[in-house]
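Hi,

Here is the structure I promised to pass on. Have a look first, and my notes follow below.

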Amino acid sequence: MKISEIEPIVLSSKEKGAATWASSMILVKVVTNNGLVGYGEAVPTLRVISVFNAIKQVSKAYVGKEVEDVEKNYHEWYKQDFYLSRSFESATSVSAIDIASWDILGKEFGAPLYKLLGGKVRDRVPVYANGWYSDCVTPLDFAERSKEVHARGYNAMKFDPFGNYFNWIDEKGLRESEERVKAVREALGEDAGVLIEHHGRFNSKSSQLIAKRLEKYNPLFMEEPVHHEDVDGLREYRSRTKVRVALGERLVSLKEAYFYVSEGLVDVLQPDITNIGGVTVAKKVVDVAEARDVEIAFHNAFGPVQNAVSVQLSSTVNNLLSLENFYDWFPQWKRDLVYNATPVEGGHVKVPEKPGIGVEVNEKLVDELKTSPEALEVKEEPVWVVGGTWKGYLK
Ligand SMILES: O=C(O)C(=O)C[C@H](O)[C@H](O)CO
Ligand SMILES: [Mg+2]
């Protein structure tokens, strides 16, 4: 079947998500010449306009091609684009079109993606919560909220305890962060997973100080402890700390992922299927990680189509640690967009059996929420922060 049309669709709503960038979403609709429709999702972040336009350019390399030729089509774009691995817009655009292509493949063969990828190794996917700590500032705020999340069945949760510190962290910042993490660990007990998000914003010396303060709370992993491109800083961090490192949400190609795995720089790899090159590349990244016994925990922070395809892939991955999940902290419209098809129950998600990505998109709601691509406001609290947490509390 040939691809006849590709449409980027920006969706937004007044209802806000856990983070500013979660209030919008870029859906990609792919249609074939015999009327089959597939959906993918591209990542907005602060690039809504440029990603929307990039999808139009990447579409030029896909329209008219056989939708089943996912490998051939991806490599043709990789050759044509030249700067792919340095172009976030291109990588998330090709990822979205690839995901939609796989959605169509599943519909064509009447199978959920997991069946096209070698079958399930688990019937339910374990998830960890993110986005749950909006407006938490004091240790008590975090402790109380974490208990509520635990009571909902989540046995692992991630949070950024560092407030508005960036690059450097001083003793006051270390004390504030430690008090927040200590409060959560005491609230949850020893068996729950406590995952620490740094958002890649510290220099290596600061991150090493953080690791020494927090390792006694047995974090399941320390995510992006240093700036993503600070490889020497990451090497130094690895040589001087004992904690597990997670990274991967910013990777945009297979070779980038291979570098971090082959250099022994990562314990938990977090590829984002809507950034790394779609299903076609994500499944290769999983194999590279498996070769070095690196665990997989797909980054999954944006929308319900990304979530659906991440659930499908996670069900097939032997070396899966857990799948990130914002589902219960999505704005309702994101859950409604796929008829709330992947609810979290007891800290797990059942793997949908519908063809393709396993969920149906609510096309009526798409029409209601469709908007034009606009620049997001840049405020004192960065768009990637969980709302209301970019502050300190010790006077
Ligand atoms: O989900 C993650 O790992 C991210 O780094 C993204 C942010 O944490 C998420 O959007 C909440 O701010
Ligand atoms: Mg992160």
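To start with the domain contact: 37 residues of domain 1 touch 34 residues of domain 2, where contact means heavy atoms within 4.5 Å. This is a predicted model, so to speak for reading with its cut-offs: local features need pLDDT of at least 70, side-chain atom pairs count only at pLDDT 80 or more, and totals for chains, interfaces and linings use all residues. Residues are numbered from 1 along each chain as its sequence is written, and side-chain values use heavy atoms, with hydrogens and water left out.

The domains themselves are domain 1 (3–110) and domain 2 (115–356), with bounds from an automatic or database domain assignment. Their centres, taken over C-alpha atoms, lie 24 Å apart.

Between them the two domains bury about 2,800 Å², with 66% of that on carbon and sulfur atoms (accessible area, 1.4 Å probe, lost on putting the two parts together and summed over both).

Three salt bridges link domain 1 and domain 2 (a side-chain nitrogen of Lys or Arg within 4 Å of a carboxyl oxygen of Asp or Glu). There is also a salt bridge between the side chains of Arg-86 and Glu-256, at 3.2 Å, N to O.

On the domain 1 side, the elements giving two or more residues are strand 2 (24–32), strand 3 (37–42), helix 2 (70–81) and helix 3 (88–109); these are DSSP runs, helices (H or I) of at least four residues and strands (E) of at least two, numbered from the N terminus. Helix 3 gives the largest share, eleven residues.

Cheers

Technical notes. Chains are lettered from A and ligands numbered from 1 in the order in which they are written.
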